[in-house]
Amino acid sequence: MREYSTALQVDVPSTGNLTDDVVTNGTEHADSVAFSRHVAGGWTDVTAAEFLADVRGVAKGLVAAGIEPGDRIALISRTRYEWTLLDYAIWFAGAVTVPVYETSSADQVEWILTDSGARAVFTESQEHNARVKQFRHALPELHHVWSIEGNGVGILRTLGEDVTDEELEARRTHATPEDLATLIYTSGTTGRPKGCMLTHGNFMFELTVAIEDLEALFAPASQDGEAAPASTLLFLPLAHVFARIIQVGCVKARVRMGHSADIKNLLDDFAGFQPTFILAVPRVFEKVFNTASQRAVADGRGKVFGRAADVAIAWSRGLETGRTSLAVRAQHRVFDRLVYAKLRAALGGRCAYAVSGGAPLGERLGHFYRGIGVNVLEGYGLTETTAALTANLPEAQKVGTVGRPLQGTSVRVADDGELLFRGGQVFVGYWHNDDATAQVKDANGWFHTGDVGEIDDEGFVRITGRKKEILVTAGGKNVAPAVLEDRIRAHHLVDQCVVVGDGQPFIAALVTLDPETLPMWAEQHGKSSDVTALLEDPDLLAEIQAAVDSANKAVSKAESIRRFAVIPASWTEEGGQLTPSLKLKRGVVMREHRDDVDALYVR
């Protein structure tokens, strides 16, 4: 059994709670810019003192409304300033935040509100209100529904005018590191979501070590000779622990933060906000690369872009080996002016780092982004571990791995290949579900992740698949589908891919097409952009075959994909095939496309 630990070298607070950072910032750094809010015509700054006043005002309203310490308050909204404001106001009132994805169905919302025993809920819009209204009569514990767009924040400020500062301060300081801060329901790829109980102490441990280890992210950035205060623009759902931990980390480290609710406006928001680092899931990085590649082809610069990408990758690989040829260095300088600078400009011009999580990024994309001057630091963690367990650091990075364990964290590979972790960021357990907790957290505090991986001699962790998703062919060969799926999905024409073959004589795959890049490709090749008309097109099938051939190079012959089918489906979060963090719900896809899978083995 292989094991690796990173020693804890910083002092993690043993008293207080997450609200202390807001008070410290608002009193000792009152004029520092804590947030920039998107308004018509640009961005307006919110100082630390103004944020503290906003939080106190709303928190007093919660106290006046009868919210008690430990009460659960649900929050259903897109990523916006009010999300962060309400999160901290809930904590100031001594309560517990229960995030709900704004895309959740009425049934999902009902389950979370029922299971958590929510006393109140904040919604963003009338549409969210309507979902709650359908079943509110069945929730006797739900006393309040406030709407952000219905002036819920203003109503609470007015309601709390008679609550004294002393009363609020007593409530704010009530929670200790052992007290519950949030219940985050796992989106899950199967079954009903389970509420992960994360304490103030879980967040405090995670952020104390993460800010220390990832100091480069939270320090002023230098870009084109100019120093810029650290800043980030959040556009992932704050209901996800990945974005949430960055939110709390920015408050703790006094990093300017903005919110972007509509990914369609993301490039404009990047240009106006100019973040020094961003966070995203791998699919976002894939989309940026594929879109840039296809646009270059459409403009007649496809070969130039392809060569620039190859040079960026070669240059990044040279950083790890310590050997970069003179030709690569010379070409890298040229392409930096012609190509890479434009890509960095699309991210606002000051972005030096990005954080990737949620799924494997893939070595090629990791090297590409580092080669263009945006170093993507890939990490690994789960909702149950308050986000990151491991992370690549600027000074300790191996592209293709998820880095070493953070300080105070241990990793172990079990006999069956499953990764086990132990550390102060590991959750207390699942809400009202001791049996489920016992299945993933043993008596010695080791959390069983369900992921399969390996640890190299330097402690870098590599994820190779999901334990429950390992396919076993009729010949007894174990195959991890993620290795193949990630590589195929990186092709510019591919949107999603699912590898199949459990109990079958060979491995195969279903592939869906990217609705954004397909029309450009079709126009360039003089073909119809109708998906149905292209399913058997020889040129398109040749493109997908090339992606499959590339993926097969990563595995043995027995694990390689022998057949594939392109299908006219669109797998989305709204359709139920993807989780909010864009992970494929394999069970749903297999159920909906049973006939398509069967057809792969009938020929």
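Helix α12 (residues 282-298) packs against helix α13 (residues 302-321) at an angle of about 145°, and the two axes lie 7 Å apart. The model described here is predicted. On the α12 side, the contact is made by Phe-289, Ala-292, Ser-293, Ala-296 and Val-297, which meet Gly-302, Phe-305 and Ala-309 of α13. By residue class, this contact between α12 and α13 consists of six nonpolar and two polar residues, with no charged ones.

**The open sheet**

Five strands make up an open sheet with antiparallel pairing, arranged in the order β1-β19-β20-β22-β23. Its edges are formed by β1 (2-6) and β23 (461-466); each has a single partner strand, so one side of each is left without a neighbour in the sheet. On average, and with direction ignored, neighbouring strands of this sheet are turned by 40° against each other. Strands of a sheet pair through backbone hydrogen bonds, in either a parallel or an antiparallel manner. Within this sheet, β19 (residues 409-413) and β20 (residues 418-422) run antiparallel and are joined by four bridges. Val-413 stands opposite Leu-419 in β20.

**Buried residues**

| Residue | Relative accessibility | Class |
|---|---|---|
| Cys-196 | 0% | buried |
| Cys-351 | 1% | buried |
| His-128 | 3% | buried |
| Thr-383 | 16% | buried |

Thr-383 lies in the loop between β16 (375-382) and β17 (387-391). With a relative accessible area of 16%, Thr-383 counts as buried because the value is under 20%. Apart from neighbours within four places in sequence, Thr-383 is in contact with Ile-184, Thr-186, Cys-196, Leu-198 and Val-241. One of these partners, Cys-196, is itself buried, at 0% relative accessibility.

His-128 belongs to helix α5 (residues 126-133). Its relative accessible area of 3% places His-128 among buried residues. When residues up to four places away in sequence are not counted, His-128 touches Ile-76, Glu-102 and Thr-123.

**Cysteines**

How many disulfides does the structure hold? The structure holds zero. A disulfide is a covalent bond between the sulfur atoms of two cysteines. For Cys-351, the nearest cysteine sulfur is that of Cys-250, at 13 Å. A disulfide requires the two sulfur atoms to be within 2.5 Å, and Cys-351 is therefore in no disulfide. Cys-351 is also buried, with 1% relative accessibility.

Terms used. Residues numbered from 1 in each chain as written. Predicted model: local features only at pLDDT ≥ 70, side-chain atom pairs only at ≥ 80, totals over all residues. Heavy atoms only, no water. Buried < 20%, exposed > 50% of the residue type's maximum accessible area, 1.4 Å probe, protein only. Helix = DSSP H or I, 4+ residues; strand = E, 2+ residues; numbered from the N terminus. Contact = heavy atoms within 4.5 Å. Pairing = 2+ DSSP bridges. Axes fitted to C-alpha atoms, helices over the stretch in contact; angles between N-to-C directions. Nonpolar A, V, L, I, M, F, W, Y, C, P; charged D, E, K, R; others polar.
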